[in-house]
Amino acid sequence: MSATKVVTEPAPVRERRPPDPRWRWAGLALLLAAAVYAPFQLVPFHVFQLTMVLVYAVALLGLNLLVGHAGQISLGHGAFFAVGAYSGAILLDRWDLPYPLTLPVAAGVAFVLGLALGVPAMRLRGLYLALVTLAIAIFLVPLLKRFEAVTGGSMGLTLAKPAPPGWSGLAEDQWLYFLTLIVTVAAFLLAAGLLRSRVGRALHALRDNETAAEVMGVRLSFYKTLAFAWSAMFAGAAGCVYTWVIGFVSPDSFTVNLSITLLAGLVVGGLGSLSGPVLGGLFVMFVPSISQDVNDAAPGVIFGLLIIVVMYVAPTGLAGLAARLAGRLVKKIPRKE
Amino acid sequence: MLEVHDLTVRFGGITALDGVGFEVAAGEMVGLIGPNGAGKTTLFNCLTRRYDADSGTIAYEGRDLTAVAPYAIAPLGIARTFQNLGLFPRLSVRDNVLVGAHHRGRAGFLSAGLRLPGVRREERELRADADAVLERLGLTEVAGHPATGLPFGTLKRVELARALIGRPRLLLLDEPVNGLNAAEVEEFAGTLGAIRSEHDLTVIVVEHHMGFVMGICERIVCLDFGRKIAEGPPEEVQRDPAVIEAYLGTAA
């Protein structure tokens, strides 16, 4: 290349090359294979923990849709999780509904509630929206205790867990794990499809620049409200699966703490990335109990410190950190042109 | 095609537009000039329903634009670019362009989530269209790059691509050659002229670059302090004493 040519050309563009899609599929297939293999290698308690990671991942997938992709905030997603959990529990307790049917109903209830609350809430921005969603989470616990006849009050409801069918030859913990895995994979496919489409682009557009999005024909109130409702629906579905897995619901499992932990988990896992919710699920499952182990007196302090450290080391969350490390690794592999 | 009549916009005590009226015929290229703060961008913001007019009417293809919701402007065939860029910085250049085709798509939350065949087909078509527009404007190389950190002139072209994919009939360009060097301005004028005839566009362009506006527009509207002070063919407006005074001021 001659020197004069260089001068007239614009500054060289640093192209962030997306990884080859084949690698991506291979990685996903490997991950899925590991997920299917894991319950046969782990002790039941660890299988249970892994199941809970998936449950939280589904809830975070919903929260990510709202916070990471649509750029809105919710400090009250624990409430939709609880609504899903209680919907499932009440359906099983009162109507003896077969448990697979409780999932769509619980998700539907959370969706409708999300829509109803989303219409007024999505007119608010930033801090105001944060406060309103926080209020939803705060109101829920007394509400659950108040309607004792249906919710079992402070005592909660105890339910039979879904039993593994005889043909499967699985233990209970393994069966619950696979049920949860199926729901998780379905939820991820749904979210991935949504995000790769016109709808996902509209959400990203209104997150990045509301004015420009509207000029392009994106109806802001519609997309914000539906993002809120879909986000609530994922949380509700996760709550219902939680009920299957735990076999017990009580108001004290769904305090404001849950909402805050979910949001923290998502931010630490990585906002707006598809792997963020899984990493966040690991965080929500393990970090509170680890910090309890480290210092029994001050779990909150350890928890908070861990968040600060992660945010300092990886401002784009663990998903961003993983992508950076993978990028460095890939650079070392000579590329065939 | 467009009839603006007696348009007035006030912000508190400031009158940004004061009874402005003009017409644009289909296929025309009209330049909108005037010193900073003359109300040019305010006028664009009224046309795209960013601002409500305090009085006056805007008729577009016989329809009263002031009664149209802001998100319903794009489907009517009106697209615009922004003075200081209105891109989505975390989206790739290609996705930015695809957002411009938002109103052409039908996919909803559920159908997109389930990736129904109709959604896939629609997505394929839009992506093919986006690639064609990117190619046309020489943006294929940067299609995968986030729409930030690229040269200003490139980002301006991304905005133009995003406007074009919406298949507009009326295109509003807000300082499209701002920040370009002389050669780039010339090249852009050529591209714009070609695109205009390819797509059968009516164009209103706000621009301070007089050589560009006078060379490319058939008619010029000049605003000053929210009022229309001149209108006519470029050579006439250029010699208009009111225009010269607005730009240079009078001798004290």
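**Exercise 1. How far apart do the C-alpha centres of domain 1 and domain 2 of chain B lie?**

Before we start: this is a predicted model, where local features need pLDDT of at least 70 and side-chain atom pairs count only at pLDDT 80 or more, while totals for chains, interfaces and linings use all residues. Residues are numbered from 1 along each chain as its sequence is written, with chains lettered from A and ligands numbered from 1 in the order in which they are written.

Step 1. Chain B splits into domain 1 (1-77 + 168-252) and domain 2 (86-167); such bounds come from an automatic or database domain assignment.

Step 2. The C-alpha centres of these two domains of chain B are 26 Å apart.

Step 3. Now the contact: 11 residues of domain 1 of chain B touch nine residues of domain 2 of chain B. Contact here is C-beta atoms, placed from the backbone, within 7 Å.

Step 4. On the domain 1 side, helix α6 (residues 182-199) of chain B gives the largest share, three residues. Helices (H or I, at least four residues) and strands (E, at least two) are DSSP runs, numbered from the N terminus.

**Exercise 2. Work out where B:Gly153 sits and what it touches.**

Step 1. Find B:Gly153 in helix α5 (residues 152-164) of chain B.

Step 2. B:Gly153 counts as partly exposed because it has 19 C-beta neighbours inside 10 Å. The scale: buried is 20 or more other C-beta atoms within 10 Å of a residue's own, exposed is 12 or fewer, and partly exposed is in between, with C-beta atoms placed from the backbone.

Step 3. Skip its neighbours within four places in sequence, and B:Gly153 is in contact with B:Gly179, B:Leu180 and B:Glu184.

**Exercise 3. Describe how helices α4 and α6 of chain A pack.**

Step 1. Helix α4 (residues 77-94) of chain A meets helix α6 (residues 126-146) of chain A at an angle of about 30 degrees, and their axes are 8 Å apart. Axes are lines fitted to C-alpha atoms, for helices over the stretch in contact, and angles run from 0 to 180 degrees between N-to-C directions.

Step 2. That angle makes α4(A) roughly parallel to α6(A): the label covers angles under 35 degrees, with over 145 roughly antiparallel, 65 to 115 roughly perpendicular and the rest oblique.

Step 3. From α4(A) come A:Gly78, A:Ala79, A:Ala82 and A:Tyr86, and from α6(A) come A:Ile136, A:Ala137, A:Leu140 and A:Leu144.

Step 4. Sorted by class, this contact has seven nonpolar, one polar and no charged residues. Nonpolar means Ala, Val, Leu, Ile, Met, Phe, Trp, Tyr, Cys and Pro; charged means Asp, Glu, Lys and Arg; the others, Gly among them, are polar.

**Exercise 4. Is helix α9 of chain A mostly covered or uncovered?**

Step 1. Helix α9 (residues 198-208) of chain A is mostly covered, with 11 of its 11 residues buried.

Step 2. The cover includes α3 (44-69), α8 (172-195), α10 (210-215) and α11 of chain A, along with α2 and α3 of chain B.

Methods:
Two residues are in contact if their C-beta atoms, placed from the backbone, lie within 7 Å.
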